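Q: Hi! Could you walk me through this structure? I'd like to go through it bit by bit.

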Amino acid sequence: MTTLVEMKITTRSAGDIGAWQVAATAGDARLAINGEDTLTTSNRVPLTAALQGLSILRRRCAVEIYTDSAYLAQGAAALIPVWVTGRDKASAFRASLRNVQ
């Protein structure tokens, strides 16, 4: 059975300082992590939060991410299907290069 992990990502930026928090929930288990970046941009903060949140996962699972960042949400919605398609094309290309005898 695949575990569903819900991650709620919140961010705030003030000048060159950005703070983020990730609250992850899987069933009854909960974990919260947070951090702060100096000399950052308002778009880099939610990306950092998402990567840090995903890095706490120890095994393969389904993840739902909730965020207040339009940049992160729109980027993920637009790019993930492209990455999956690219991976499938690369896999088919590698298979065609195999030495069949």
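Q: Which residues does Leu72 touch, not counting residues up to four places away in sequence?
A: In this predicted model, Leu72 touches Ile9, Pro46, Leu47, Ala50 and Thr67. Contact here means heavy atoms within 4.5 Å.

Q: Before I go on, how is the model read and numbered?
A: Residues are numbered from 1 along each chain as its sequence is written, and side-chain values use heavy atoms, with hydrogens and water left out. The model is predicted, so local features need pLDDT of at least 70 and side-chain atom pairs count only at pLDDT 80 or more, while totals for chains, interfaces and linings use all residues.

Q: Great. Which residues form the largest nonpolar core?
A: That core has 11 residues: Val5, Met7, Ile9, Trp20, Val22, Ala24, Ile33, Val45, Ala49, Ala50 and Leu72. β1 (4-14), β2 (17-26) and α1 are the elements that give two or more residues to this core. A nonpolar core is a set of buried Ala, Val, Leu, Ile, Met, Phe, Trp, Tyr and Cys residues joined through side-chain atoms within 4.5 Å. Buried means under 20% relative accessible area, exposed over 50%, and partly exposed in between (1.4 Å probe, protein chains only).

Q: What's the overall pattern along the sequence?
A: Reading along the sequence gives β-β-β-α-β-α, from 2 helices and 4 strands. Helices (H or I, at least four residues) and strands (E, at least two) are DSSP runs, numbered from the N terminus.

Q: How many residues are in helix α1, and how far does it reach?
A: Helix α1 (residues 44-55) has 12 residues and reaches 16 Å from its first C-alpha to its last. That is close to the 16 Å expected at 1.5 Å a residue, where the expected span is 1.5 Å times one less than the number of residues.

Q: Which residues of α1 are buried?
A: Those are Val45, Pro46, Thr48, Ala49, Ala50 and Gly53. Thr48 counts as buried because its relative accessibility is 19%. Leaving out residues up to four places away in sequence, Thr48 touches Trp20 and Asp37.

Q: Is Leu39 buried or exposed?
A: Leu39 is exposed, with a relative accessible area of 67%. Setting aside neighbours within four places in sequence, Leu39 is in contact with Asp16 and Arg44. Leu39 and Gly15 are 24 residues apart in sequence, and their C-alpha atoms are 8.4 Å apart in space.

Q: And Thr40, buried or exposed?
A: Thr40 is buried, at 9% relative accessible area. Thr40 is also in the loop between β3 and α1. Beyond neighbours within four places in sequence, Thr40 is in contact with Asp16, Ile17, Gly18 and Val45.

Q: Switching to charges: how many salt bridges are there in the whole structure?
A: A search of the whole structure finds 1, between the side chains of Glu6 and Lys8 (3.9 Å, N to O). A salt bridge is a side-chain nitrogen of Lys or Arg within 4 Å of a carboxyl oxygen of Asp or Glu. Glu6 is partly exposed at 27% relative accessibility, and Lys8 is partly exposed at 42%.

Q: Last one: which residues make the nonpolar surface patch of about 470 Å²?
A: Leu79, Ile80, Val82, Trp83 and Val84 make that patch. Patches are made of residues with over 30% relative accessible area and no salt bridge: like charges are joined within 9 Å, and nonpolar side chains (Val, Leu, Ile, Met, Phe, Trp, Tyr) within 5 Å. Ile80 is found in helix α2 (residues 70-97) and counts as partly exposed at 42% relative accessibility.

Terms used
Areas by Shrake-Rupley, 256 points an atom, 1.4 Å probe, with all protein chains shown as cover.
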